[in-house]
Structure formats: C-alpha cells, structure tokens
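Some terms in a structural description rest on cut-offs. The questions below ask how each term applies here.

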Number of protein chains: 2
Amino acid sequence: MDSSFAIPTDQYDRAHKPKAIDLSHHLNQLALHRAPNQLKELYRYMGIPGMITMAGGIPSPEFFPFETLSAEMLAVDSVPLDQPRVPKKPSLLSWLWQKSTTSFTIPKYVDHATPTTIQLATSLQYQAATGPPALPLFLREYVEKIYRPAYSDWDVLLNCGATDAWGKIVFMLMERGDACLVEEWTYPGAENSFIPLEVEMVPIKMDGQGVLPSHLEHVLSTWDEKKRGKKRPRVFYTIPTGQNPTGATMLGDRKKEIYDICVKYDVIICEDEPYYCLYTGPWIPKSHEASLSEVAKRELDAEKKEGKAGQEAFIKSLPPTYLTYDYQGRVIRMDTFSKTSCPGSRLGWFTASPLFIERLTRATEASTQAPSGFATAMTAVMLQKWGFDGYIRWLRGIKATYRTRKNWMCDTFDDFFHLEFDPAPHGVATNPAVRDVLEFGRGVTCYSKTAKSGWDEKRGALGPPLISFIPPSGGMFVFLAVHLDEHPDYHSLERNGADATRKLLEKLWQTLADRLVLFAPGWAFDANGPHAIGGKGVGYFRLSFSIATYEENRKAIGTFAKVLNEFYRL
Amino acid sequence: MDSSFAIPTDQYDRAHKPKAIDLSHHLNQLALHRAPNQLKELYRYMGIPGMITMAGGIPSPEFFPFETLSAEMLAVDSVPLDQPRVPKKPSLLSWLWQKSTTSFTIPKYVDHATPTTIQLATSLQYQAATGPPALPLFLREYVEKIYRPAYSDWDVLLNCGATDAWGKIVFMLMERGDACLVEEWTYPGAENSFIPLEVEMVPIKMDGQGVLPSHLEHVLSTWDEKKRGKKRPRVFYTIPTGQNPTGATMLGDRKKEIYDICVKYDVIICEDEPYYCLYTGPWIPKSHEASLSEVAKRELDAEKKEGKAGQEAFIKSLPPTYLTYDYQGRVIRMDTFSKTSCPGSRLGWFTASPLFIERLTRATEASTQAPSGFATAMTAVMLQKWGFDGYIRWLRGIKATYRTRKNWMCDTFDDFFHLEFDPAPHGVATNPAVRDVLEFGRGVTCYSKTAKSGWDEKRGALGPPLISFIPPSGGMFVFLAVHLDEHPDYHSLERNGADATRKLLEKLWQTLADRLVLFAPGWAFDANGPHAIGGKGVGYFRLSFSIATYEENRKAIGTFAKVLNEFYRL
C-alpha cells in the first residue's frame, strides 16, 4: 500500500509522544477476570518450520467449499467530486457517473504468500482475534495520518461494527448501576448496550457543536455520590461528528476543552464516529452562494479537484478527533466501514491504548473471535487495490454525495417555507465555530408560505414559527424542532393536564405516516435530561437524507409543508 | 430448495407436539432488562408501498463499492464417499478427486426480488438480527428433518459462530459466581466465556459416551447450597458428539437419561455441536475388517453409495440430539458452519424455545447485529444452489474424509505399537453402547514394539502399558492417556513431593516439540474435578487428525513411538 502524501515524517515520530498512562482502575470485574488462552504457549511452536501440528482443532482448507471469491468493485473515482446542486436526470444518483468497475479474485492458495497476502485458505480458516495482518497495517497508517493521536503506544483492533464495539466497551468498563455521560439527545442503539446493566444515563446539554463544556464541568463538579447513590460517571459516550440525532459536529477547540475536563475528572471518552468522513461542512443556501467570501469559495473549490491538492484539502477539512488531543490514552475511538464501504461488512475497529486493546482482544476471543473472513478478505483486498490515496479519493466521493443529499433536503425546506436565519431561535443554540467559518451555519426557522400566514418582506413573519433546525455539518440527519407551543390547541391541552408536546407530535407524526411520509420521532432519542436543544413545547423529528432521492425529498417536504399548514390551521 | 426425502410428513406435524414450557425464571438480570428497539413501531410502516422513509439511518446501496460478488464452489459431490484406507498418491487429500467446480454471481440488484432473494443491495445493507430470510428458512427445514425436536414452537436464530453463541447464552443465563455443569474434560474456549463472571465449573465424570448419568444425578441430588455457598447449577454445557477433547459421542439412550435428570433438577442443556456431522462411528482396525458381521458391513457399505439410499443411511447413522428428547424447550442447541463450510464464515445458529430466541435476538441487536452480509450471502446462495439434498451430500463427503483421517491416525498407532483391546484399561472406561454396535469401539492400550519390552504372542505384554485411548467415534480428536505411573522415575518423584504426572507429561511434551511433533497437553482441558477418565498417574495429550496428511501422521506417530521408548527407557 503506497502513499504519496506529503505529511512530514516527524509527525509520525511516536518517540516524541508520551505513552498512555495507567488507567487500569477503570476496568470492571468482568474485564479484570478475563483469562488468556490456556493453549497460548503452543502458538509460538506452531510457526516452526517442519513442525507437525496436531495441537489445533482446525479443519483442512481443502474442504472449504469456496475455491475462489471474486468481486466487481466500483472504480475509486466513480463518484464525481463536483456534483451539480440539482440532478439533471430524475431518480437515482447514478446519473452522476459513468459507472466503471474493476475486479479481483481471491484464490484459495497464493504462491509465495506473505503475512499480508489475502488467500482463502487463511481468510476462511480460524483467525486470531486481531484479524488478517493486512487490515491493521492499513488502519494504523490511516489512524496515524488522519487522526494523529497525541500519545505513542496506541493500537487498533478489529471488531464487528460499532454496535459490537460499544457493547464490548460497556462490558469492559461498566458495573451494574453505574452512571454514564451521554449527549442530551443520543443514539438509542447505544443505550441498548447498557440498559441491561441498569446503567443510568447522565445527559449533558448540547448546542449545534455538541455537548457544552460548562454543563459537563457542572455535572461532574457537583456530583454528590451520597445523594445520587452512585459514583461519579467515569465513561462518556459521544458521537462528535454529524451526531445522531442532532447532526451536530464538534470542532477542535471544543474537543480540547471537553478532553481537559475528562482528564480532570478521570473520565474515559468513547467516541463513536460512523459519520466522521461524512463531515460535509455548513449548508450554504442557493441564494447565498454568490455572496460567499473568496476564502470560503476557495476552500469549497479545492475539495472539488482531483489530485494531491484536493486530497490534502479533504484531510485538512476534517475536524480534529479526540485522539488528536489524547496524551493519556483515555480515548477509545470506534470507527466503522458501514458508511464508507457497506453496513453488511459488520466490520469496524477500535483505536485505543495497549491496556484497553489487550482487554478488548481477550473479550473478542471469548465472543466474536475474528470478524467474518469473507468481510475481512473482501475489505482488505479492496483497500490493497485502492491503496491509501485511493481510499481517500473514495471517501471524498462519498462525502460529496452526502453534501449533495444534504443540500437537496435543506434546499427543499428553502423552497417550501420562508426561512429566517437566527443566531439562537427558540432554544436552538447556534454553532459559533461553524458560523465563524461561513456565516450560514446557523439555526434556521421556517414559516408558512400560505397567503394569510406567510412572510411579508416588510413586516416579517405573519404566522407562527413552525419548525427550526440547525443545518447539519455532517452525518445523514436533519433534527427538526417543531414549535408545538405555537399550535392552537397547545395551551388548552396543557391546562387539561395532557403532555401537549408529546400528544401533538404523535398526532403530527401519525398524519404524516398516513400521507406516506415517515420521519423518526425525536422522543426515541431523548436521554431524558434537562434540555438545551428543545424541551417543553418543542417536539422533534429526525429526518435522514441518506437514502431518499431528489424527487422523494421534494415530495416528502412538500407534503410536510401542506400537513403543517393544516395542522396549525393556517 | 427442494427435497426428495421420504420422511413421513406426520413427523413434521408440530400440532401434535407440546409447546415449550415457561422457563423465564432462568433468565439473568441482564436478559430481563434487555429493551426492545424504541423505533420498532416504525418498522411496520417502512414496508408500506409508496412510503417515503426518512426515518432510518441507512446509506444508499448505490455507494456500496461492491457491484457483484462471485464464488467458485466445489461441486457438491467433489469428495468421494468411498475413500481408500491408504492414499494412492502422497500428500494432500486432493488425489481423491477430480476437482470440479460450479460458480455463481450475486448482483447488487435482482429484478423481481422476493424475500428469499440474495442481492447485495440487501445483504450488504443493515439487516435485522435474524439475517436474510433465506437462511432461517433452510435451517428450519434442516432442524425439522435431522433433529426433529420433541416440542412444537422452537425456532432458529443466526449467530457469529459457536463462541459468539455460547457467550450470548452465558450472558443470558448466568449471574456472577453461579455454578455451571461441565464435562470433566472440557473445551477451554467455552470456559473463557464464563470465567470473567467468576462462574464455578462443576465437572461431571465421563466415559467414552460422555457424562455419566449417575454422577450427574449424584451431584445435583446432593448439592448443599449452604455448604457450597451457591445455588444448584442450572446450566449444563456439553459437546455431545466427538467431544472436545475426549472424542466421546453420546448416543440416544444416554441422552434421554441425562435429559430426564435435567428436567428433574430444572437444568438448561446447552449442546454445542460443531462436530455433529463428523460422527464417523467406531474405528475398525484393518485386521478386523474381514471379521465384521454382515449387518455391520451393510451399514458401512450403505453410506458409501450415492443416491437416496445413501442419503438416508447417513441421516439414520446420526445420533439423536438432545432436541429429539426435548419436550419442554430446555435445550439450547448451537450449530456452526465452521466445520461443514469454513470457520471464516463466523456463522452458526441457535435452535431454542421462543423465550430464549427472543432474548437472544435482543442481545444480538445490542452486540453483533446480523452476521456479516458477505458471509450470509455466500452461505445462503451456496445452500440455495445445493438444496437440502445437495447439502446432505456435501456433509457425507466431509464425514467420509474425517473417517479416512481418523483411520490414518488410529491405523498408524496400530502399525507402530502393539495394541490390546480392553474393556476398561487403566481407568479409561469403555463405551458399551458403541461396543454393542461394533465390537471395536473399545479402549485400546498400546505397548512398545521393541525387542525386549514388546509383545509376546504367548505371554502378552512384556513391557508396561504406555498409552491408551478410546478410538473416537466423531469429531477430530484422539485423546491419548499416557501411563506416567509406569515411568521408571514416577514413584521417586512422587516420594519427593512433586506432581509427577504433570512433571513427566511436561517433559514428554517438550521432548516431542523439540522433535517437531506438537500435541495439545491435556491439562488445558481439565475441569479440575474428580476423574473417571484418567486422574493421578495418567497424563493426556489431545491429537487432532483434521489437518495432518497421511505422511505427517506416520512421521509424527513414528517419532512419538521412538520418543516413548527412550522416555520409558525400554
């Protein structure tokens, strides 16, 4: 795997970085009691030339039914970097490209195989929990070049995707009834891993850049173990980029601030980053494109170019990760191939300190063993064919596509509603860091376009604010605040003792579903804490722009605009 | 998937079988607290035609890099059923066959796809924890026809192989510090799942057919909760066929007896069956082939034939499983494709009651999700191409090969030692059930062939018994007892306070490794209970015959014979 990147080699010089500190007091009883393999002493004998091994219990590859596996793969530059805002032809995005493919075949046996050779006799055999050496080799290069951890002795370990990864972390760090720091709106799939351990969620308030350092500091500094009946939380679960469900992305300065608080209170940061390469930056409404600053225009243009400059612009555009600030080894990062290759690979990796990697390896040996050899073989050969530069080019195509799709959805709101850009409308806080870069990364409030309730150029909004959202700077979601306290029935419902917010949102969700538009209701993501984003009177929908076509976007948001007019009786 | 099997349809009539009883009191706190997916209510809306779904968080299959996946597969009858005892050409087993292959290609999109169609747009996408419907459909037919569970409402659930399966069971049934029934010699990989929970192993004595009902009854009936400081064990982990490490196989009558004891004491039976289709029956020494009974000859011959009669003979030869006797739903069976297809698939399945299947599904959602779509797609299409009959034919080839390899190893002992067939030599109990079928399924003791210590036709053994084993009736292992108490230094070592058995076995193991022969030492498999197989003065090696060639077998056992002569100073 070659790489032509001009990152100075001294940045890879691990010798100048500190080693991870001892954080073994974070291991739970389960992790402390994990035993090494009792037959481990045999492994060093197995590699001796001429050794006749009757010690293992492995089948002969001769009887694996698969003689070869092949794949036809999209060319690495299949997806164009400079995508038109509105598709020229309807339906699938495939109008964008002249589909070109390359192919490869993996035989059962390869002559003169080296440890990084992928052959079915090895891939479809039992493998060490660390998987085929070719994958960690590639991933270490990727982590070093893209994340640049601040300590020296980190390593990577394969897992079966982020859900598997987070489950393994939970069962390494948490005891029954512990408390865990989460974002005030959080991913329910992550909760499912610790709910069975009766772990209490401790939600931290957020704005458009993720959790607020001030609130995190407040929660940790005022934690009363006696009053709460449990120890101060030692684990923080976070999705820093394109957060699910809010779409918030945390930039470098904020991460540094959060990291320092976690050092102060000895908290392990678990960053779940499925959307990291889907960091698409701020949404720029069509009407504002012309008035962009020259610097901003150049930054956007740089990423549309093939070649080295474009590759470097992409890497430069990525937010620093928590690993970049991690000089102690207290960050456990979860990456996945689900969004950059395919979810069916069930393949991801941890980046963490030797202590955590070793315990996670033991946990892997006693559960999933290595990820499926079909997945690791296919993914490893794909990466070997592409190389580091090729993989970066592939990621850029994916990023360009998510930006296009984000534009489709946000532009459609722009078309069907009157938009008001507001620094902090209705409890939806803005993202100052993004706003500093490009002034459109702000909260947007949508008003009806109907004649009687619409927008008047002189007088502003004639009707109530209906919905607000922060245009996401990453990921695949728009988190939509619905101003239910503006609904004509809201106050009478409240007076009658109903939970008017939930009741009205449920009614709106059902009406939309009946009209063939399916949004995810926000209540599923509520960590049930005090809210900075939303709260009483504001309900939420999470809208994914990852899969709907341009036409479906227009149809769904158009229907939504109509339904809202009826719902608010405008 | 068609099937021409003539199994009477009334055997499939689940209506006449009882339903699983309520065993929910076996669920641990973790399992009781598992929550259903909070967005579950959305799923029923997702399938409505015309629905625009913005509710999910899934990437578009357009951007999966794989356009097609293909495989070249061995023909289902590649491996001959009638294999010569000694290979005609050296080295690999492939001399056996004229390798013929078939191939298939899985496209990203298939026109007019049905729920059982395998296409990459589905396989490489997020999938339900239950996996692609084609697989459970096939597996339900297989379980119904081969295992014939005694209750009606069982189901199957995919997992990532048996280690993953057993881990999920442990975290569904066991609490910290529980006790778990195991075989006196057991698989250390299984221990690794419950050791972190500080679960105490309660070993049950075995003979050549597995655990002894009398000892199981004794342990359960005399369990003193106060004295032991823990509740009576509620879980029994067992490998009934080709047990690892002993090679023991339990037949029907014994299973029924064990099952009834488990009903009496409310124990859940977890049967781990990687070697089920590798049930190869008793070893028949070359010298005894001619004197076989006509019935025995016919049974052996039937399995060598292609076509329906041969298929039926194979199915008839398989031992009944615990499921066959399970009228309550207290058996959780683990099957895997590791030995019948390839370990790298990391694919297996549970067969269990609705209660356990539902909780295991929740656990799967919060950990591995579905197995890798690469593995399920390849395996599902392979099974679809082969069909039920084809898969059975494939299994027969695998079985024939393991029988050949078992013969290689046992025959080699026959060549390098003097063998004495003994009903119960030196603490190695025999397997009466097998002996009743064919008289050679008995314990075998090996004596040196050197002139001074060898075998005399008239006087019998001149030297000490060196090793004993029960020729395995299944699996891939010979479990070899070494009579260390016959070693010239044994008693002096004992008098000096050493653990002579362990010390001498370690020395022998090291000598063999230095001579390029690697066996697995038995101590790794010791559940540290009272022994019926072995004990003080008897050390063990586990020898795998799954991967060594004919020549390697002869070289390794030949070296072993020489080393033993030197070791015992014969």
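Q: How do you know what share of chain A is buried?
A: Buried means under 20% relative accessible area, exposed over 50%, partly exposed in between, with a 1.4 Å probe and protein chains only. By that rule, buried residues make up 64% of the 570 residues in chain A.

Q: What kind of model is this, and how is it numbered?
A: The model is predicted: local features need pLDDT of at least 70, side-chain atom pairs count only at pLDDT 80 or more, and totals for chains, interfaces and linings use all residues. Residues are numbered from 1 along each chain as its sequence is written, chains are lettered from A and ligands numbered from 1 in the order written, and side-chain values use heavy atoms, without hydrogens and water.

Q: Why does the radius of gyration of chain A agree with a compact globule?
A: The radius is taken over C-alpha atoms, and the globule rule is 2.2 Å times the number of residues to the power 0.38. For 570 residues the rule gives a value near 25 Å, and chain A has 25 Å, so the two agree.

Q: What makes a residue part of the contact between chain A and chain B?
A: Contact means heavy atoms within 4.5 Å. The contact takes 119 residues from chain A and 118 residues from chain B.

Q: What is the area buried between chain A and chain B?
A: Buried area is the accessible area (1.4 Å probe) that two parts lose on being put together, summed over both. Here that is about 9,600 Å², with 64% from carbon and sulfur atoms. Met54(A), Phe63(A) and Leu518(A) supply 9% of the area that chain A buries against chain B, more than any other three residues.
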